[in-house]
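Thanks for coming, everyone. I'll walk through one model today, piece by piece. Please keep the picture in view while I talk.

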Amino acid sequence: MSNEIRLDALDNEILFHLRQDGRLTNVELAKRVGLTAPPCLRRVKRLEETGVIAGYHAVINTEALGRGLEVLIDVEVSANDRKTYLEFEEVVASYEEVIEVRRMFGRPDYFIRVAVADHAAYEAFLTGKLTGLPCVLRVDSHLTMKTVKPGP
């Protein structure tokens with residue numbers, strides 16, 4: 001039995017436009033997808049209620065905040081107990097520099113995305129915070145050259 005939601009071409013068109021600009025009014029969205037406002041609103045509400053649209057958020061320009069260097073980090077930890085993983089996740093997620101944390105299947109254990117001002121700020125983050133955590137076994141850094149397609 002599948003919980004998959006079936007989407008038609010109009011649903012996909014609505015999602016496309018909301019990904020581009022989540023602040024579109026219903027009237028403008030309806031115009032762009034070729035519907036009148038009431039059926040467009042019903043479709044958006046259905047997409048929200050079924051969880052296809054999980055929320056709306058602002059896209060933050062980290063460069064405008066003085067954090068233009070983005071680094072992707074693979075982290076392996078030395079523990080296999082749930083308590084250590086949960087503590088690690090809580091601490092890492094609390095760091096201001098961290099903008100995304102994912103626990104992975106297999107290796108590495110974690111994928112972490114950070115945004116910092118420059119290389120010196122990254123070194124300070126890495127040596128002063130991340131590698132100082134007792135369970136961190138291995139860290140592999142990947143500096144971003146160019147963002148081709150930004151995430152949500």
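The C-alpha centres of domain 1 and domain 2 are 36 Å apart. Those two domains come from the domain assignment of the chain: domain 1 is 9-50, and domain 2 is 62-143. One caution before we go on: this is a predicted model.

H3 covers residues 37-49, which makes 13 residues. From first C-alpha to last, H3 reaches 18 Å, close to the 18 Å expected at 1.5 Å a residue.

Which residues of H3 are buried? They are Cys-40, Val-44 and Leu-47. Look down the axis of H3: the buried residues fall within an arc of 60 degrees, so they line one face of the helix. What do they pack against? Helix H1, 9-20, and helix H2, 26-33. Now turn to the face of H3 that points away from the buried side. There you find the exposed residues Arg-42 and Glu-49. Just after H3 comes Gly-51, with a positive phi of about 85 degrees.

Stay here for one more residue, Asp-11. Asp-11 sits in helix H1. Is Asp-11 buried or exposed? The cut-off for buried is under 20% relative accessible area. Asp-11 has 1%, so Asp-11 counts as buried. Leave out residues up to four places away in sequence, and Asp-11 touches Arg-6, Arg-43, Arg-46 and Leu-47. Leu-47 is also one of the buried residues of H3.

Now to the sheet. It is an open sheet of 4 strands, in the order S2-S3-S1-S4, and the pairing is antiparallel. Which strands are at the edges? S2 and S4, each pairing on one side only. From one strand to the next, the twist averages 20 degrees.

Focus on S1. How many of its 9 residues are buried? The count is 8, so S1 is mostly covered. S1 pairs with S3 through 7 bridges, in the antiparallel sense. As an example, Asp-74 has Phe-111 in S3 as its bridge partner. S1 and S4 also run antiparallel, joined by 7 bridges. Here Val-77 has Val-136 in S4 as its bridge partner, and Ile-73 has Ser-141 in S4. A general point for your notes: in a regular strand, side chains alternate between the two faces of the sheet.

Next, the helices on the sheet. H5 packs on the sheet and touches S1, S2, S3 and S4. The direction of H5 makes about 20 degrees with that of S1. H4 lies across S1, S2, S3 and S4 as well, and runs at about 160 degrees to S2.

Let's finish with H4 itself. H4 is residues 82-94, and its 13 residues should span 18 Å at 1.5 Å a residue. The end C-alpha atoms of H4 are 18 Å apart, which agrees. Which residues of H4 are buried? Tyr-85, Phe-88 and Val-92. They cover an arc of only 65 degrees around the axis, which puts them on the same side of H4. These buried residues pack against strands S1, S2, S3 and S4, and against helix H5, 119-130. The face turned away from the buried side carries the exposed residues Arg-82, Lys-83, Glu-90, Ala-93 and Ser-94.

That's my tour. Over to you.

Key. Residues are numbered from 1 along each chain as its sequence is written. This is a predicted model: local features need pLDDT of at least 70, side-chain atom pairs count only at pLDDT 80 or more; totals for chains, interfaces and linings use all residues. Side-chain values use heavy atoms; hydrogens and water are left out. Helices (H or I, at least four residues) and strands (E, at least two) are DSSP runs, numbered from the N terminus. The expected span of a helix is 1.5 Å times one less than its number of residues. Buried means under 20% relative accessible area, exposed over 50%, partly exposed in between (1.4 Å probe, protein chains only). The arc is that of the directions from the helix axis to the C-beta atoms. Contact means heavy atoms within 4.5 Å. Domain bounds come from an automatic or database domain assignment. Two strands pair if DSSP finds at least two bridges between them. Axes are lines fitted to C-alpha atoms, for helices over the stretch in contact, and angles run from 0 to 180 degrees between N-to-C directions.
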